[in-house]
Amino acid sequence: MINDGVIENSRKMGEYFRKQAHEIIEKNHPETVNEIRGLGLIDGIQLNKPSGQPVVDLCFKDSNVLINNTNGNVLRFVPPLIVNEEEIDIVIKAVDEAMTKLGNYLGYYLAFLACEAGGTGSLPVPCRKYT
């Protein structure tokens, strides 16, 4: 792995991912992104929303990009060690587009899910079950 440059690639691509995330995602969605952090190729984007699951769902549905949601509001990225800039750009674009598409509806979407799960949610109207 050392001789093949995999470890050096991990360092460079992790830095590239975080740079792109700051320049594109954080810039376009300052009200949604709380923090971007990572080490090597393990990166996370902490959201100011209770859950990142809608972003995960939309990235997969619209772009076939698979990411992870941890601790409720952290989007986690753990790509293969041989990832390249082009592949990172695809992921960044997918996340940016998902956040743009969700926009301010992200909070309402999560409240709706809470209602559907039997909670009270935080919708401006009472929760109702539709059959």
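Good morning. The model is predicted, so local features need pLDDT of at least 70 and side-chain atom pairs count only at pLDDT 80 or more, while totals for chains, interfaces and linings use all residues. Residues are numbered from 1 along each chain as its sequence is written, and side-chain values use heavy atoms, with hydrogens and water left out.

I begin with the aromatic rings. Rings of Phe, Tyr and Trp (its six-membered ring) pair if their centres lie within 6.5 Å; planes under 30 degrees apart count as stacked, over 60 as edge-to-face and the rest as tilted. By this rule there is one aromatic pair. Phe 17 and Phe 77 make up this tilted pair, with 4.8 Å from centre to centre and 50° between the planes. Because Phe 17 belongs to helix α1 (residues 6-28) and Phe 77 to strand β4 (residues 74-77), the pair ties together parts 60 residues apart in sequence. Helices (H or I, at least four residues) and strands (E, at least two) are DSSP runs, numbered from the N terminus.

I turn now to the loops. Most residues other than glycine have a negative phi. Asn 64, however, has a positive phi of about 55°; this residue sits in the loop between α2 (53-63) and β3 (68-70) and is exposed, at 65% relative accessibility. Asn 71 also has a positive phi, near 50°. Its place is the loop between β3 and β4, and Asn 71 is exposed at 71%.

Technical notes:
Buried < 20%, exposed > 50% of the residue type's maximum accessible area, 1.4 Å probe, protein only.
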